[in-house]
Each structure stands twice: as C-alpha cells, then as structure tokens.
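Q: I have a model open and want to talk it through. Can you take my questions one at a time?

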Amino acid sequence: MPLHVFRYKSVQGRLAPMITVGLRLDETWYPIGVYVDSGAAYTLLHADIARGAGFAYRAGSLIYLQVGDGSFIPVYLHDLELQIGPERFVAKVGFSERLGVAFNLLGRESIFSRFTICFQERQRILTFET
Amino acid sequence: MRRHEERRMEAIVLQEYDEWLAEHLEELISQYPSKVVAVHLGQVVYIGDSEAEVYQWVRQRGLTPMPLVFRVPQQEDLEAIL
C-alpha cells in the first residue's frame, strides 16, 4: 500500500497539519498549501487563488456552508483534479470569497474515502495511505 | 510511462515545497504575516497582498516549476483555528 508522509509544520512548538498538494485549474498545475481538516466537509480554497489563475470559479455549483459562528458562507463547488504525493484524482473543491480563516482547508469529501489518514503528532508526521 | 514519469516529477516538486514550508514556516510568519508569498527553488521570490497579485507576477515571469503561492498566516491564526 503506497504511503505518503508529510511533516507537521511547527510554529513556536505548536503543530499544524499542513501539507502541499497539487491543484489543476484549466491546463495548469498549481502547488498549494492546505490545512488537513477532518471537521471540514469539503476542500475549501480562497477564491483569490482561482482569480489569480484566471479560473471561472463562479461557474461552479453555488452552495452555502455553515461555519463556526453559525453563519453561512457561499461556496462555488467544482470537480477538479488534485494531487497528493503522486496520486492524482478528481475531487470536490470549493472556492469561497468568505472563507474566514487564513488557510485553505483539505476536507473530507473525495479525500477521506480515498486515503487512510493518520495524524501522528508524536512522530510529527501525517501519513496518507491508499 | 511518460505520464507516470510526469507524475513522479510533480510529486518531487510538491515534496520539495512541503519540506521547504516545514523548515521555513516560522520564519515566514515572523517576516510576512498576512502576506502572500511566491516560493521558487528554495527562495521567497515575490511578496504580495493577494494571490491574484502574486500569480500575475508569476505568469509574467514564466517560472517553472510553478512556484508555491502561499498565504502566510499570523501566529494567532494557528492558535485560533478550530
């Protein structure tokens, strides 16, 4: 079983489960940093990434997702290619102009069913197993 | 076969960016909080206020491989995320 290993990112001793993944927009692959978030239903990215890449993100399916303060944010959902390690696959990816956190989030849909993900803080690594 | 090799190359690039972030995130947070940076070949090559601005710069330069464009969090962002 292929196992892909990522180091936790550490800031002043605080560990963050952030990894670098590939995202294909139109014909171009973009490396992007994401925070692995088992509490997020979808992979959610700042809309400014799509704007910067010239990708028509507003052509996606508009849904509203509830966030921590109880409010709803608009999200434009797309089926896009992602790459984690050498694995490429199509995933539901949403873009929002009102993400409200500094990070892009790698959520459960299309990801947690594909990989067995282990958060190993003691070893300071995350592993993705297919 | 060629497609397989292409994926391996991409995977190496992603891994290099990920390792670079693991080594330098703390430094980025202290130097460029809330900024968006482009990282290429182990160096910060551009600092901007938005991904749109940084990608525009990247496109003009035609850099390969594609730089990692990264929104630098503030220290408190890491403390506050649920």
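Q: What covers the buried residues of α2(B)?
A: The cover includes β6 (43-46) and α1 of chain A, together with β1, β2 and β3 of chain B. This is a predicted model, where local features need pLDDT of at least 70, side-chain atom pairs count only at pLDDT 80 or more, and totals for chains, interfaces and linings use all residues. Residues are numbered from 1 along each chain as its sequence is written, while chains are lettered from A and ligands numbered from 1 in the order in which they are written. Helices (H or I, at least four residues) and strands (E, at least two) are DSSP runs, numbered from the N terminus.

Q: Which are the buried residues of α2(B)?
A: In helix α2 (residues 51-61) of chain B they are B:E51, B:V54, B:Y55 and B:V58. Because they cover an arc of only 95 degrees around the axis, they lie on the same side of α2(B). The arc is that of the directions from the helix axis to the C-beta atoms. Buried means 20 or more other C-beta atoms within 10 Å of the residue's own, with C-beta atoms placed from the backbone.

Q: And what follows α2(B)?
A: B:G62, with a positive phi near 60 degrees.

Q: Now the sheet in chain B. What is the strand order?
A: β2-β1-β3, in an open sheet of 3 strands with antiparallel pairing. Strands pair if DSSP finds at least two bridges between them. β2 (43-48) and β3 (68-71) of chain B are at the edges with a single partner strand each, so one side of each has no neighbour in the sheet.

Q: How many bridges join β1 to β3(B)?
A: 4, with β1 (residues 36-40) of chain B running antiparallel to β3(B). In one of them, B:A38 has B:V69 as its bridge partner.

Q: Switching to the contact between the chains: how many residues from each?
A: 32 from chain A and 31 from chain B, where contact means C-beta atoms, placed from the backbone, within 7 Å. On the chain A side, β5(A) gives the largest share, 6 residues.

Q: What is the secondary structure of chain A?
A: 1 helix and 12 strands. Its radius of gyration is 15 Å, close to the 14 Å that the globule rule gives for 130 residues, so chain A is as compact as a globular protein of that length. The radius is taken over C-alpha atoms, and the rule is 2.2 Å times the number of residues to the power 0.38.

Q: What percentage of chain A counts as buried?
A: 42% of its 130 residues.

Conventions: Contact = placed C-beta atoms within 7 Å. Buried ≥ 20, exposed ≤ 12 C-beta atoms within 10 Å, placed from the backbone.
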